[in-house]
Amino acid sequence: MPCFLIDPSQKTLTAVEGGGDLAGVRALIGFETVDSDEIDANGDRLYFDEKCFIRQTPGVGRFQLDSLAPVAGMGVVVGSGAQGSLLTPQVSLEALIARVKFL
């Protein structure tokens, strides 16, 4: 299933495969501890390392999506459905690029 990967170290947003379940999201982020925030009314969610705010990892980039708290490390945007199922995001890659700021 396609999803969007935000890589603040490379300052890129790309469409990738692999966000079809929580295990796939964890693999893309690179950590087992994941959390998420809703980013729009369509059910799209930003997944990120839950401990990114306290983890001290040198050289890891940061990004901010809209007015959410800045995130250190990778982020994955996926859609969400009934019972927490993960779906293709409704937001387009172009629209998402306009909403992300690299710090």
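Is D37 buried, partly exposed or exposed? D37 is partly exposed, with a relative accessible area of 31%; buried means under 20%, exposed over 50% and partly exposed in between, using a 1.4 Å probe and protein chains only. This is a predicted model, in which local features need pLDDT of at least 70 and side-chain atom pairs count only at pLDDT 80 or more, while totals for chains, interfaces and linings use all residues. Residues are numbered from 1 along each chain as its sequence is written, and side-chain values use heavy atoms, with hydrogens and water left out.

**Around D37**

- D37 lies in strand β3, residues 34–38; helices (H or I, at least four residues) and strands (E, at least two) are DSSP runs, numbered from the N terminus.
- Apart from neighbours within four places in sequence, D37 is in contact (heavy atoms within 4.5 Å) with D44, R45, L46, F48 and L68.
- The C-alpha atoms of D37 and V77 are 9.6 Å apart, although 40 residues separate the two along the chain.

**Salt bridges**

- The model has two salt bridges, each defined as a side-chain nitrogen of Lys or Arg within 4 Å of a carboxyl oxygen of Asp or Glu.
- R99 is partly exposed at 22% relative accessible area, and D66 is partly exposed at 39%.
- R26 forms a salt bridge with E32, where the closest N and O atoms are 3.8 Å apart.
- R26 is partly exposed at 27% relative accessible area, whereas E32 is exposed at 61%.

**Around Q64**

- Q64 lies in strand β5 and is buried, with a relative accessible area of 16%.
- A polar atom of the Q64 side chain lies 2.9 Å from the backbone oxygen of L68.
- Beyond its neighbours within four places in sequence, Q64 is in contact with P70, R99, V100, K101 and L103.

**Lining classes**

- The lining of the largest pocket has eight nonpolar, two polar and three charged residues. Here Ala, Val, Leu, Ile, Met, Phe, Trp, Tyr, Cys and Pro count as nonpolar, Asp, Glu, Lys and Arg as charged, and the others, Gly among them, as polar.

Technical notes:
A polar contact is a pair of N or O atoms within 3.5 Å; within protein, one must be able to donate a hydrogen and the other to accept it, and residues adjacent in sequence count only if both atoms are side-chain atoms.
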